[in-house]
Amino acid sequence: MPLQGKVIGMLAQQIVNGITIGSIYALIALGLTIVYGVLKILHIAHAGVYAMGAYLGLWAYRFIPNLFLAMIVAMALSGVSGIVIERFLYKSMLDKSRIVPLIASIGLFIAMEEAFRIISGPYVKAFPVHFRQKPWIFGSVRISAPQMLVFGVTIALLVLLWWVISKTRMGKALRAVSMDREMADALGVATERIISLSFFISSALAGAAGVLVGVFYNSVYPTMGDIPAYKALAIIVLGGMGSIPGTILGAFLVGISETFLIGFVNIPLPRDALAFIVMIAVLMFRPYGLLGKE
Amino acid sequence: MKKWLLGSLIGALVVCLGIGTLFAAPIKIGFFAPLTGFAAADGTSAKNAVMLAVEEVNKSGGLNGNPVKLIVYDDRDNPKESVAIANKLIEKDKVIAVVSGSYSTPTRVTAPIFNKAGIPMVAGYAVDPSITKAGPYIFRNGFLGEIEGKAAGEVAVNLLKAKTLALFTIDNDFGRALSRGFHARAKKFGGKVVYEHAFAIGTKDFSAMLTKVKGLSPDLLFISGYYEEAALAVKQARELGLTCKILGEEGFDSPKFLELAGDAAEGVVITTNLNRDDPRPFVQDFIKQYKAKYGMEPDMVGASSYDAFMIVANAIRKAGTNPKAIRDAIASTKNFDGLTGLIKHFNKIGEVMKPVQVQVVKNGAFHYYGVISDPEIITPPEK
């Protein structure tokens with residue numbers, strides 16, 4: 001292969017790699033941004049829900065060895081856990097200073113990680129899904145079956161989310177609550193139900209992300225939420241707190257920048273610092289994030 | 001009549017000895033490892049193996065007639081907690097010797113405390129070079145990163161005959177030391193490093209680095225890291241269609257690596273210190289017992305901690321319960337038959353001298369590939 005073709009092939013492969021990572025980031029960070037939009041709290045335990053989704057998916061997959069059914073079970077149960085967290089933890093704290101739910105959330109996150117460890121042991125568990133699908137090969141670009149799975153599920157969930165939020169009455173109410181909760185309440189929107197709904201959607205997305213990561217990296221373990229806990233934060237700040245399109249854009253930007261900076265520049269900084277560098281670089285020019293409003 | 005008397009006398013003696021062991025003051029040995037938090041898997045392996053060693057010692061009558069009691073603490077790989085644990089072990093529990101089943105950080109911060117208190121400590125597998133520099137009471141049963149790196153360099157260029165080399169180095173003291181040793185040895189025999197990238201602990205995605213390596217098509221990829229990263233890197237390498245040889249180190253040495261990497265693990269060669277095909281019966285017994293008791297394969301972290309405990313136990317057998325005498329006995333250990341091979345001796349500063357094992361993954365299990373006992377490689381530094 002001539003040198004130029006080789007470079008273009010590598011570039012294309014890195015874009016595929018970057019989009020895969022971006023898809024996963026998007027699913028994790030979206031829930032965080034939806035919850036922030038509605039309640040204006042930083043839901044750190046969201047990363048715990050994500051890890052729980054991975055465990056639930058693995059557990060369901062052992063009973064019914066069908067990945068899609070396992071994912072639906074994991075999403076449903078994670079979604080319900082989100083509602084429970086909101087009802088029993090955040091609800092009584094909403095009128096307190098914002099630091100209170102933040103600390104409660106961090107506490108819950110640590111408790112969840114230790115609970116996973118006690119229940120299922122400290123060791124990494126494999127998520128043994130065998131793909132019969134062969135990788136797609138275009139020249140020197142390979143798209144593996146797990147990558148196809150990540151793309152497919154992410155696109156399906158993003159379309160579904162767009163439809164719920166922009167085409168349904170529930171979605172309209174959700175947008176109203178996130179613009180001004182008290183005003184929406186005064187105008188007769190059932191805010192409590194909408195808050196529950198937003199936690200259900202967010203947590204179900206996190207659960208789906210957990211299952212995808214578990215399958216894609218063939219590993220599920222108690223502390224798998226550690227890095228997403230802060231990286232998702234960088235992404236929603238980058239995208240503009242509470243902005244859904246901004247978060248999606250931010251997630252793909254971070255995924256692709258990480259891949260390129262590592263694959264081409266070979267910078268000596270740890271990969272997980274890159275999200276924050278991208279965030280700082282964008283905030284210097286757009287202090288409200290990519291698509292955030294003042 | 002006489003026979004009956006003799007029989008009952010022997011019986012009474014056996015009962016007395018038995019009761020004697022039961023009621024004799026237990027010998028207290030301290031142990032700490034990360035049993036919760038991110039490093040819990042390794043800490044648990046270390047603890048499980050050492051508990052097996054304690055059981056074995058107590059079953060065979062304890063140490064000089066006294067049973068051993070292991071005082072176990074969870075350090076969570078947290079330096080602050082480790083300091084508190086060290087002080088507790090010395091002042092409250094009054095242990096006479098300590099085994100570290102922990103990582104570098106807790107072992108490094110506690111070493112000067114134990115040394116000052118005059119309590120000997122043997123570190124199972126912590127790699128940081130400064131640990132043994134705390135003083136004469138501190139010993140290490142694991143390899144220094146640099147020695148293992150040199151051994152890996154030897155395997156790469158002389159056993160696997162690779163000329164062009166790529167390195168993925170885990171970004172901590174362990175990975176950096178491995179990389180230094182690897183570079184030095186590989187260079188000496190004409191190996192050329194064409195790519196090196198340092199990655200953070202907990203990295204899950206290696207696709208960007210692997211795509212780059214694929215473009216360079218080296219003969220061999222040397223990956224340093226722990227089994228979680230290692231399994232992902234190996235699996236993703238094969239998924240991306242990278243066909244070069246892959247070499248790893250003791251961080252790969254876990255049944256979890258084989259499980260997580262699956263078929264991609266086949267043919268991966270590692271340097272470590274537990275030889276699964278070791279013909280010595282007690283090694284095979286240990287592997288069997290560990291499997292029976294804990295339902296999983298033992299790993300090198302467990303085997304190294306087991307040996308660290310047995311070195312301490314052996315010293316107490318020889319020297320009694322005075323910590324100073326125990327220290328001297330550990331320092332004069334010669335040709336000790338350990339799980340992890342023949343431990344030749346501890347050098348002046350307390351570093352172990354023993355061969356490096358080379359294992360290969362065949363049919364989903366680690367098997368013998370070679371052993372490196374060239375003194376030029378395995379002799380630890382004297383300062």
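## Confidence of the predicted model

The model as a whole scores ipTM 0.77 and pTM 0.82.

This is a predicted model, in which local features need pLDDT of at least 70 and side-chain atom pairs count only at pLDDT 80 or more, while totals for chains, interfaces and linings use all residues. Residues are numbered from 1 along each chain as its sequence is written, and chains are lettered from A and ligands numbered from 1 in the order in which they are written.

## Chain B

Chain B contains 13 helices and 15 strands; helices (H or I, at least four residues) and strands (E, at least two) are DSSP runs, numbered from the N terminus. Its radius of gyration is 22 Å, close to the 21 Å given by the globule rule for 383 residues, so chain B is as compact as a globular protein of that length. The radius is taken over C-alpha atoms, and the rule is 2.2 Å times the number of residues to the power 0.38.

Along the principal axes, the C-alpha atoms of chain B fill a box of roughly 85 × 45 × 40 Å. Of the contacts in chain B with a separation of 6 or more, 70% involve residues 24 or more positions apart; a contact requires C-beta atoms, placed from the backbone, to lie within 7 Å.

## Chain A

Chain A has 11 helices and 2 strands, arranged along the sequence as α-α-α-α-β-β-α-α-α-α-α-α-α. The radius of gyration of chain A is 19 Å, close to the 19 Å that the globule rule gives for 294 residues, so chain A is as compact as a globular protein of that length.

The C-alpha box of chain A, taken along the principal axes, is roughly 65 × 50 × 35 Å. Buried residues make up 51% of the 294 in chain A. Among contacts in chain A between residues at least 6 apart in sequence, 77% join residues at least 24 apart.

## Contact between the chains

The contact takes 27 residues from chain A and 29 residues from chain B. On the side of chain A that touches chain B, α1 (3-39), α4 (99-120), α10 (244-265) and α11 (271-285) of chain A each supply at least two residues. The largest share of that side, 6 residues, comes from α1(A).

By class, the side of chain A that touches chain B has 11 nonpolar, 10 polar and 6 charged residues. Here Ala, Val, Leu, Ile, Met, Phe, Trp, Tyr, Cys and Pro count as nonpolar, Asp, Glu, Lys and Arg as charged, and the others, Gly among them, as polar.

Methods. Contact = placed C-beta atoms within 7 Å. Buried ≥ 20, exposed ≤ 12 C-beta atoms within 10 Å, placed from the backbone.
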